[in-house]
Amino acid sequence: MFYYFLVYYGYQMKVLKIRLFLYWFMGYVELNNFLKVKGIVSSGGEAKVVIRSEKIKVNGEVETRVRKKLRVGDVVEFEGGKLVVESD
């Protein structure tokens, strides 16, 4: 799966994937990076707009903090879909 991301998204995704790995190692991932890796948004700027427009829910509550720390087991909701934060 890691290789797929590198080929599909190129260098930028490689850097993002490494950051995501480091966040998992530290025990959390920031909401904006999670949305980028899962393909919900394509850039950090788009992540900011989506999050601040109150379209994202974390564990059932509207979240407006761009760098909200997500931990394993948290549920992120967007436009009726749900993603569960899992360790890689």
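How many helices and how many strands does the chain have? It has four helices and six strands, where helices (H or I, at least four residues) and strands (E, at least two) are DSSP runs numbered from the N terminus. This is a predicted model, so local features need pLDDT of at least 70 and side-chain atom pairs count only at pLDDT 80 or more, while totals for chains, interfaces and linings use all residues. Residues are numbered from 1 along each chain as its sequence is written, and side-chain values use heavy atoms, with hydrogens and water left out.

**View 1. The whole chain, before we zoom in.**
Reading from the N terminus, the elements go α-α-β-α-α-β-β-β-β-β. Of the 88 residues in the chain, 34% are buried; buried means under 20% relative accessible area, exposed means over 50%, and partly exposed is in between (1.4 Å probe, protein chains only).

**View 2**
Two strands count as paired if DSSP finds at least two bridges between them. Strand 2 (residues 56-58) and strand 3 (61-62) are joined by two bridges in the antiparallel sense. If you want a spot to check, find Lys57, whose bridge partner in strand 3 is Val62.

**View 2. The hairpin of strand 5 and strand 6.**
Strand 5 (residues 75-78) runs antiparallel to strand 6 (residues 81-84), and four bridges pair them. Phe78 sits opposite Gly81 of strand 6. Two residues lie between the strands of this hairpin, and Glu79 there has a positive phi near 50 degrees. Most residues other than glycine have a negative phi. Glu79 is also exposed, with 68% relative accessible area.

**View 3. Helix 4 and what covers it.**
Which residues of helix 4 are buried? In this helix (residues 44-52), they are Ala47, Val50 and Ile51. Looking down the axis of helix 4, the buried residues fall within an arc of 95 degrees, so they line one face of the helix; the arc is that of the directions from the helix axis to the C-beta atoms. Helix 3 (31-37), strand 2 and strand 5 are among the elements covering these residues. On the face turned away from the buried side you'll find the exposed residues Val49 and Arg52. After helix 4 comes Glu54, with a positive phi near 60 degrees. Glu54 belongs to the loop between helix 4 and strand 2, and this residue is exposed at 53% relative accessible area.

Glu63 lies in the loop between strand 3 and strand 4 (69-70). Is Glu63 buried or exposed? Glu63 is buried, with a relative accessible area of 8%. Its side chain forms a salt bridge with Arg65, the closest N and O atoms being 2.7 Å apart; a salt bridge is a side-chain nitrogen of Lys or Arg within 4 Å of a carboxyl oxygen of Asp or Glu. Arg65, for its part, is partly exposed, with a relative accessible area of 49%. Apart from neighbours within four places in sequence, Glu63 is in contact with Leu31, Ile51, Ile56, Lys57, Val58 and Lys68.

**View 4. The salt bridge of Glu30 and Arg67.**
The structure holds two salt bridges, and this view shows the one between Glu30 and Arg67, with the closest N and O atoms 2.9 Å apart. The pair links distant parts of the chain: Glu30 belongs to strand 1 (residues 29-30), while Arg67 is in the loop between strand 3 and strand 4, 37 residues apart. Glu30 counts as buried at 7% relative accessibility, whereas Arg67 is exposed, with a relative accessible area of 56%.

Terms used: Contact = heavy atoms within 4.5 Å.
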